[in-house]
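Start with the model itself.

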Amino acid sequence: MQQLMWFRQDLRTEDNHALAKATAQGPVVGVFIISPKQWRTHHEAPCKLDFWLRNLLALQQQLALRNIPLVTLTCDDWQTVPQALLQLAKQCKVSQLHFNQQFGVNENQRDAQVHSTFQQAGIACHSYQDFTLLAPGSIYNQSQQPYKVFTAFKKACAKRLEYQAQPYYSLAPIQPKLAIASSNIAQAFQHAGIPVAAAHFSQLWPAGETEATQRLEDFLASAVLAYQQQRDFPALSGTSSLSPYLAAGVISIRRCFNAALQLNQGELLSGQPGLSTWLNELLWREFYLHLMAAYPKLSKQQPFQAQTQQVQWRHAPADFAAWCQGQTGMPIVDAAMRQLLATGWMHNRLRMISASFLSKNLLIDWRLGEAWFMQHLIDGELAANNGGWQWCASTGTDAAPYFRVFNPVTQAERFDPEARFIQHWLPELAGLSSKACYLPKQEPQQLAALNYPKLIVELKMSRLRAIEAFQDLKTKTTL
């Protein structure tokens, strides 16, 4: 009997858990569901949807080599997914549905409905762990509760992962051809009204498993050795640039982890500094995914620390608009935001600086920034984006203390020491010295001549304002 493989955040043939299990059971038909309304609700970025499209086209070619057709269904939102999938399953005469797990609230509700619908129809439905190294819910502290602090979580993971390669999921032999035609995926996206991203995104972020594999190999062959020293410097090519490929599942987390662990002689917490530091970053991704699975409220725009729901955020639409467009007058923040708008990506150090500036210096609700990032990030992933924002805003688990407010000037001086990054993204400041680029001191008319705005907030005052807002909250909650 034929199998139905539902692709989601796993746009690959290599080391795909659900796909491997499906091919072992019989001939496979692949399906991807286009959900325009749901994607808008989830703030999926146009460049990210374009990245999905391009990777789906690459996936379709890889599947064709194995005689696996890939079809699309269009379901405006996820309410209609169960019946649409069931109808396709009956048309294709499949005996089982296979897919890899996701962890958001909407995703869990959708998948539960799919399970129920298929069970009632007498068709088996199987879901698999694929997007994480360890199954969410399998790592608990001594009180049998999920870890809320990363350091403790990392140590617990190390006991399970160190010196232990992750499994690799191989596909069954090439299947016979089926009398089912693949869909015209590009046409399906167009008919669904999915916006087309600018052409340069395909040059910045080429699609396909071969590209993802090459990036991993190139990184581990050279840049990872200096990763610990260079990863915080945005003017350098010191990171792996794999995050969009991991977010879309074009390469598996297991493959990345195994390759780095093997190079590091099986060590996770020690060994070569660059390798252990990068492995540490992979565990941060793991931590946020486990939290998302354990605490559904994180999918609902709620802070992890419930009392911070009472923080008196400023309603300042003009300030928020300036932050969004890179027009705050704080060069390192503006350069970061313009990098995001131009490339669909932002260096991790800059994500922290920009998030701190919005949530602390401007005292604007972190959820607005979280949504803006998702609307523009090609690597936008709910758990990591939410976790990072709540860390910076001091509302999450393992968060930065509320009195920690990143100073964007000292951050720029430390991590962009020659102002190369700032001057690249803010060419209007190219004639200034590096020192002047960190916080331009010119009079407003001089800044206007440079076509650069005056700083919209005073740093010292805004830092104290943020601390007072959280101190007031702390006082109220202890009364």
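The centres of domain 1 and domain 2, taken over C-alpha atoms, lie 26 Å apart. The model is predicted. The domain assignment places domain 1 at 2-129 and domain 2 at 132-168 + 208-294. It also gives a domain 3, at 306-477.

**Interface of domain 1 and domain 2**

Contacts involve 17 residues of domain 1 and 22 residues of domain 2. The size of an interface is often given as the accessible area lost when the parts come together. Here the buried area is about 1,600 Å². Carbon and sulfur atoms give 50% of that area. On the domain 1 side, Asp15, Phe103 and Gln129 lose the most area to domain 2. Together they account for 42% of what that side buries.

The rule finds 1 salt bridge across this interface. Aspartate 15 also forms a salt bridge with arginine 254. The closest N and O atoms of aspartate 15 and arginine 254 are 3.2 Å apart.

**Strand 4**

| Partner of strand 4 | Sense | Bridges | Residues standing opposite |
|---|---|---|---|
| Strand 1 (residues 2-7) | parallel | 5 bridges | Methionine 5 and histidine 98 |
| Strand 5 (residues 124-128) | parallel | 5 bridges | Histidine 126 and histidine 98 |

What handedness does the β-α-β unit of strand 4, helix 5 and strand 5 have? The unit is right-handed, with helix 5 covering residues 105-120.

Notes
Residues are numbered from 1 along each chain as its sequence is written. This is a predicted model: local features need pLDDT of at least 70, side-chain atom pairs count only at pLDDT 80 or more; totals for chains, interfaces and linings use all residues. Side-chain values use heavy atoms; hydrogens and water are left out. Two strands pair if DSSP finds at least two bridges between them. Helices (H or I, at least four residues) and strands (E, at least two) are DSSP runs, numbered from the N terminus. A crossover is right-handed if, with the strands pointing away from the viewer, the path from the first strand over the helix to the second runs clockwise. Domain bounds come from an automatic or database domain assignment. Contact means heavy atoms within 4.5 Å. Buried area is the accessible area (1.4 Å probe) that two parts lose on being put together, summed over both. A salt bridge is a side-chain nitrogen of Lys or Arg within 4 Å of a carboxyl oxygen of Asp or Glu.
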